[in-house]
Amino acid sequence: MSKISRRDLLQYIGAGGVGTGAGYLFAEAIKRPVEFLIPPVVPPEDYSPGVATWYNTVCNQCSAGCGISVRTREGRAKKIEGNPAHPVNQGRLCARGQAGLNALYNPDRIRAPLKRVGERGDGAFETISWDEALTQVAGRLGRLKIEDRADRVQLLTGGIRGHLGELFEQFITLLGSDRYAQYDFTYPANLRLANRLSFGIEHLPYYDIANCDFLLSFGADYLGTWLSPVHFSLGYGQLRQGREQRGRCIQIEPRMSLSGANADEWIAAVPGSEGVLALGIARILVADGTYTGSDRDAWQRALEPYSGDRVAAATGVALERVQQLAAEFGSSKASLAIGGGAAAAGTNAVASLVAVNALNHLAGNLGQPGGIIFNSAPVFGSATRHAGLTQMTELAASMQDGAIEVLLLHDTNPIYAMPDAAGFADAMAAVPTIVAMSSFMDETTAMADLILPTDTYLEAWGDDAPEPGVGLPVASISQPVVARVYDTRSVGDIVLSLARRIGFELPVALPWANTKEFIKDAWKKLYTELDPQADAADFEEFWLAALQAGVWGRVEATGGPGDAPAPSTIPDIDAAAATFAGDTAEFPFILHPYLSATLFDGRGANLPWLQELPDQMTSVVYGSWIELNPATAGELGIRDGDLIEVESPAGSIRAPAYLFPAIEPGVVAMPFGQGHTAYGRYAQNRGVNPVQLVALQSDQQSGELAWAGTRVKLRNTGERARVVRNDGISRTLGRQILHPEENHA
Amino acid sequence: MSISVSEALRPARKPALIGVVAVVGIFVGVWINDTYFSDRTPVQPIEFSHRVHASDNEIPCQYCHIYASRSPSAGVPSVAKCMGCHTAVADARERPEVLKLAGYWDRQEPIPWVKVHDVPDFVHFTHKRHVLAGVQCQECHGPVQDMDRITRIAPMTMPWCVDCHTEREVENGRDCWTCHK
Amino acid sequence: MTMFDHGQPTYAEVNRDVLSSMLETGPRYWMLLGTTMTIAGVCFFMPWIYQLIVGVGAAGMNRNALWGTYLSNFIFWIGLSHSGTLLSAVLHITNSQWRKSIYRSAEAMTLFSLMTAALFVMVHVGRLWFVHWSFPIPNPMGLWPNFRSPLMFDVMAITTYLTASSIFIYMGSVPDFAAVRDVSTGIRRRLYTVFSFGWRGTAREWHTLGAAYMFFAVFVIPLAVSVHSIVSWDFALSIVPGLHHTIFAPYFVCGAIYSGTAGIVTVMYMLRKFMNFERYIGEKHLDYLGKLLLVLSMLWTYINILELFTTWYSGTSFEMEALDFRMFGFYAPLYWEMILFCAFVPLLMLFRKIRLSWNKMLVVSILINIGMLTERFIIVATSQPRKFLPDAFGFYFPSWIEFSITFGSFAIFTTLFLIFIKWVPAVSIYEVKETLKPLRRDA
Amino acid sequence: MRSEVDMSNVLDKLREYSKPGYYDEFDYHWTMTIDLDRCTGCEACVVACQAENNLPIVGEERYAEAREIKWIRIERYWEGEFPDVKLNFIPMLCQHCDEAPCETACPVFATYHNQDGLNTQIYNRCIGTRTCAVYCPYEVRYFNWFTYTWDEPLEQQLNPDVSVREKGVMEKCTFCIQRIRMAKDNAKDDGRRRVRDGEVVPACVQSCPTEAMSFGDSNDPDSKVSQVMNSPRGYKVLEELNTVPSVIYLKKVHDDV
């Protein structure tokens, strides 16, 4: 070994130093970043880090009123589950309900009060304080009240039930106006009217699918979108495998829905002919003696026109099939006919639904297990201010005339959910002041002058009595499950503080400090009037118990008045064929829009989980499509994914074609839900809105928009459009996937 | 000229040695960083002394870390909890660190304690199971009661966890899904 | 026909020809090297780095097709590596003289295609930074790789093959390194002194080299066969229709040697053309390689037919559908292209005229390798996106990143080869000399 | 440095493992049954899984590239042509096969069969060779092609009991292992050695509106799942592949009058 010179030594030291430095930096680079433990200043009462807490409240994603349990941790909502104690959903929950978290934590929520700065509708807003916002609104309303022009204030909300609806009602009345309307696209107004006509009871009865042996559904997608899908799904499970005798389901509709896919038989009847088919079956039931009521002769006379041949011709269903259906419907121990979907949205919707009701009556299903069981009226707060097309058109006219000075909006989106032809958007332009109480910047909110951001249903107090009920009085409290994510207020709080600021008799009549106090006070009434024998020692205990359980209910005998239809309805039975807007020659196809089982009527379009959820029937995500029968498409030379221009007398839109094997050749179907021009990043500018195609026609009796009553024509643009879908080949190719041979079982 | 390999390699000896020194240096550097500049004993926003609290005043661990036996997280006491005692303990009120605490309380601000015992996010450790199984706090956290500034004694690495699970024959203690999920 | 197209060279000429190819470097070489390195950097490494940053999603793979061109290229390069060392070893054992002027570059091809293949494994995996977990390195976590996994077999096989091939080529080069040492000075001399392990050329050294070389030749042959069998098991051990075939191991081995041999032809052409080795790589080589290719192509065709038969014979919907998609689906043009290039084009070599034409053979050999590249792609792209559940059927088309990386991999191979020819005598000097006829006294 | 491999009894172990019914001797054999006669294809389970297991929102572009992640998906199979057309649904999730093809594939043991009959997936061990997913005949393994992010504040919903996965990692249904662990935890708190039947409810089972799914320990003959799986309608999808799945389907009844 040679001696190490000074120079060498320096070199070694240098190398060692560089190496050490490199090693140090390397260790620094791979180090985990420093984390902090930040405990609360004062821990909330039930705070326990790392341990989940469940809060029970009410789902608001559709109007079924399911009870939900929200799992929270460290003050954040983690998951929405069904509340097992709630009789409507019994611990189960549909996709839409579970996606509610996306509404709470939606990145596109309105985070603070906004005031319009630019032109109306161009989306320029500035943030203002709550105090300023409330003062402005209260000032405007107060001045109108002083000037005795408060009847020029219009309140327009969604289908609000529970005491919150009553609060609105009181508020607007105290203000001195009677202008309160609820516009909810999915509100079953036709069904309610039909039930009133048939049974004299407007509120929805209990459809006992669980115990029914033969379920005949006229267009009602009870597993996807109709009234209370989770409860009906529970019933369906019971019907299939929950009892000794497996029940049968028949679905009659021009385009197979989720319920149609699960039915034993799917029968494609001519759109709008459901009532005729029901009466055809009814006639057989009366004729063959299944119906033995004293008014049998009157029925026979009334049903005389619905001869087999006529029914077969009108519905496109073979006579033998009609007879088979009648035989089975009449002979089943418990049969049930229901009507909904497009069958309840034609120009003859109410008549059709009355016909379906008559069928139930004639088969003796009323008040029977497995049939229609009448509920007593909801415990409180049924939505009574529903506005159909007629009322909304009138409202639009008043707005145009300048009869409305202030338009208060909450949780409703008529610009999206009404045909453009109704002119609502134009009418809104004529209103001097528009105040929106909304969580999201939807199409209608975007038109407002002042936006008061509201809590989502997971942050606010409220209550609900589900409708259709489940045969017993049920109510549930909606409570905040997490602290507010943004600087928002619950709509109840907004109304109450407006009342305080307006003054006059309002603060006296609406004395509550906040919505919680209001709801609690309302439940005190419920406690004293409805449930005086409750186990609870006092109201506080009752209240806490109800809060914890998330639901209050009382077991009592079901049934009510109207076990038989009012006799006066018999001669009125008339299922006239539906009329369709548009000339048959020019517009050869009937448009069959339907509620999407994922996005519903469009309110779910801003929830990314629902946008990413494949449509149950087509597996399409993130977009619109138009369904055609493959044979029709073949005739028109249309392939899957061709961009089609759909034109109706009311408008035209473009959507890619989807060759759907289960749709009548003369019908094209489109789901509602997409085609938002606002409503946040997940919804905006995605797909098309078929409401724009719907002609302004209404049901003859109810005045509801007949959204299934439009004809369209198709034109292949020759362009291709992307349809994002997650299926491969939706045929088993003979593989043992679904029905393995017996030796495999 | 020679064809001897060793002779041919001679000029390379020094660069090689320098390389070796540099490589050794890298290890030394990593070690230095790990030992003297690591987050093992970070400076905390308040010079809180576990020795004073746990040893001198004999406050049991779970008096402050109240969730340890019922939650995955042991829980750091809230400012309110600290103040709960410190408004009562008169003789400690004027000390500078306690004044800092009072400052946080007056501003209603949480204290940003620096995390000393940290595992990656894909490790789902639970205090509850360990405390209930009778594992003493000190077995993982070291003699905390003797520390003025909290320092990490155990490496908190997977081999360290697995060794203990193996020695004590924890049920399914070597199944990955016990900790990773 | 002789081994030497332009007459037999003298010993001195051999030394001069080979060494000058190493020692005399013109601007053309540097330009070529610069180009290939640039292509490798821009087309291979830059997209790869991008992919490392964003995730493997940069490639065109999806939930139905989780393997893509990275894996098919991996097999292609492994396949290309097969001929060099294997042929060299086989021919060494059988004492074929014609091997001697071409085996060095053939073996280098093996080495570099193996390296390229190994790169593709790294490009393929999702988390490159943890790839060391697939080696059985003792670690404090007490975790070992899964020896049941065919991928683990791969790791073992490839590292073994790479090591053995490296030793094999190195061992054969030692006397040549000494030759380089003897003609050079300065740093190069030092370097080659080290490389040649102080080779002096004594009888004892020659004897030891011969024995060791023979030993490795024998050792490498089963190894080579096993490596591609093991690679085939990546596929065959799955139950994916179209991949789960017992024929796969021989199919892959045969295909590998086939494509490798075609690769040798291409490389020989390039060496002749650019390195002026016309004297050493002659018609005889071409003829023999051509005949070998012909035999291999027929074997390959036979195995393909066999595969069709077993699929048909199985009678299952899964296998039939996979075959149907392969032959008549979206990728059908590629399938028929493969059949054309690998089964029919090589039949041209039945004609002696084609066999003896360097240009024509170059075209044939490149077509064969295009066909083989396609074969690997078809295997990957048509089977696993369409397995058992039709509703989960998908489709795979490579992204531009994959095209770029595939293209860049050829540049990497070329770069490595270009560097090789300047460091190692591309033609074995001493073994070529062995084949020379004794010098005439009057020469 | 510890090395735990005891070579002396490797052969014995191999013999033991390959014995039929090996898994029946463990504490649990978690099993799921899905009654296709009840299943309506409503996809409540799909969203439940997405919420519970921190599945990313991939966005339209990624979805179009077929890079979505859905641990449970509903497969749709049409039968017949208009007008006699039927649509069948079958939920497809990891079958937790006892003879899982994926388990042999992983070179680093990121997936293996654990003592509860579960097919594990250890994200932090995965190196992303994707072989397991290629080998899986049910195509229920999903790869993280990118590191997915959540639009603020959607990340507040993330379940802290489940790791968020990074790019390059395979993931799949775990039978909600966090819920299984929680149930075991609760059982230990109560001084019970075993989890009671019905105590573990994976998110999908919990949400199912028609009660089509049930979950439990098939080693326990009294559990609900043991009784349901013995139904004459019971079958396993692609049983001929001999993967021995732990998800048992009950055939849909075709009741054509």
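## A salt-bridge network in chain A

In this predicted model, Arg140(A), Glu147(A), Arg149(A), Arg152(A) and Glu405(A) are joined by a network of salt bridges. A salt bridge here is a side-chain nitrogen of Lys or Arg within 4 Å of a carboxyl oxygen of Asp or Glu. Side chains of opposite charge can pair when their charged atoms come close. Over all chains, the structure holds 91 salt bridges.

Helices are DSSP runs (H or I, at least four residues), numbered from the N terminus. Lys128(B) is buried at 10% relative accessible area, and Asp185(D) is buried at 13%. Buried means under 20% relative accessible area, exposed over 50%, and partly exposed in between (1.4 Å probe, protein chains only).

Within chain B, Arg168(B) and Glu139(B) form a salt bridge whose closest N and O atoms are 2.3 Å apart. The two residues link distant parts of the chain, 29 residues apart: Arg168(B) lies in the segment after α8 (158–167), and Glu139(B) sits in helix α7 (residues 137–141). Arg168(B) is partly exposed at 43% relative accessibility, and Glu139(B) is partly exposed at 38%. Over in chain D, Arg192(D) meets Asp190(D) in a salt bridge of 3.0 Å, N to O, and Arg192(D) is buried, with a relative accessible area of 17%.

## Where chain B meets chain C

Now for an interface where the rule finds 0 salt bridges: that of chain B and chain C. The contact (heavy atoms within 4.5 Å) takes 11 residues from chain B and 12 residues from chain C. Together the two chains bury about 1000 Å², with 74% of it on carbon and sulfur atoms; this buried area is the accessible area (1.4 Å probe) lost on putting the two parts together, summed over both.

On the side of chain B that touches chain C, the elements giving two or more residues are α1 (5–36) and α8. The most comes from α1(B), with 5 residues. By class, this side has 8 nonpolar, 2 polar and 1 charged residues. Nonpolar covers Ala, Val, Leu, Ile, Met, Phe, Trp, Tyr, Cys and Pro; charged covers Asp, Glu, Lys and Arg; the others, Gly among them, count as polar.

## Reading the values

Residues are numbered from 1 along each chain as its sequence is written, and chains are lettered from A and ligands numbered from 1 in the order in which they are written. Local features need pLDDT of at least 70 and side-chain atom pairs count only at pLDDT 80 or more, while totals for chains, interfaces and linings use all residues; side-chain values use heavy atoms, with hydrogens and water left out.
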